[in-house]
Amino acid sequence: AVERRALLAYAAEDAGAPTPQLRAVVRVGPEATVLASDHHDGTTLAAKNPGCSDEELREIWDAMRQLHQHRVTHRQLTADRILLTDDGRVMLLDPGDGDVAASDLQIRLDVAQLVAELALTVGTERAADLALEKTGATELVAVVPLLQPVALARSTRANLRQIGRASGR
């Protein structure tokens, strides 16, 4: 698991994606290892909601697309893993659950996760407009069948259930 997380951190860095740089992997006991990466001051998308600008949202999409251009996925693009830094950048935190040499399906799952998370965070209309702008109609249509709770991150599913209960669905 440690080697996989390190591999994904290095793959994200090699892709030029804005992720904290992995600085060290240190064994601290017979069954424990620490991965140390750069720290960046900022606010997560979850904490900043609803004060996100469209430009910040576009940068989030660009960061994900940078990974995808190198066939790397994040697989946990949740609002608490997207950092808006104090110096105006976007950082994708903890890409260790992703994939290297990702298939088209794995990339579409990443896109579906981001679409769903942004819909929960900034509203469906705004998220859909931005998704269409950043992916185009053809790619977005291919993602629609994946917009199901089973394909999304656990925290995203929990937020969907909470909204469903609040609206009586």
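I began with leucine 35, which I find partly exposed at a relative accessible area of 32%, and I note here that the model I am reading is a predicted one. Leucine 35 sits in strand β2, residues 32-37, and I see that Tyr10, Val25 and Leu35 make a nonpolar surface patch of about 250 Å².

Next I turned to charged pairs, and my search of the whole structure returned 14 salt bridges. I looked up three of them.

For aspartate 97 and arginine 5, I find the closest N and O atoms 3.3 Å apart in a salt bridge. Aspartate 97 belongs to the loop between β5 (90-92) and α4 (104-122) while arginine 5 belongs to helix α1 (residues 2-14), so this pair ties together parts that are 92 residues apart in sequence. I list both partners as partly exposed, aspartate 97 at 30% and arginine 5 at 28%.

For aspartate 38 and arginine 23, the salt bridge has its closest N and O atoms 2.7 Å apart, and it links the loop between β2 and β3 (42-44), where I locate aspartate 38, with strand β1 (residues 22-29), where arginine 23 lies, 15 residues apart. I record aspartate 38 as partly exposed at 25% relative accessibility, whereas arginine 23 is exposed at 52%.

For aspartate 54 and arginine 126, I read 2.8 Å between the closest N and O atoms of the salt bridge; aspartate 54 is in helix α3 (residues 54-69) and arginine 126 in helix α5 (residues 124-135), 72 residues apart.

Key
Residues are numbered from 1 along each chain as its sequence is written. This is a predicted model: local features need pLDDT of at least 70, side-chain atom pairs count only at pLDDT 80 or more; totals for chains, interfaces and linings use all residues. Side-chain values use heavy atoms; hydrogens and water are left out. Patches are made of residues with over 30% relative accessible area and no salt bridge: like charges are joined within 9 Å, nonpolar side chains (Val, Leu, Ile, Met, Phe, Trp, Tyr) within 5 Å. Accessible areas come from the Shrake-Rupley method with a 1.4 Å probe; for residues, only the protein chains shown count as cover. A salt bridge is a side-chain nitrogen of Lys or Arg within 4 Å of a carboxyl oxygen of Asp or Glu. Helices (H or I, at least four residues) and strands (E, at least two) are DSSP runs, numbered from the N terminus. Buried means under 20% relative accessible area, exposed over 50%, partly exposed in between (1.4 Å probe, protein chains only).
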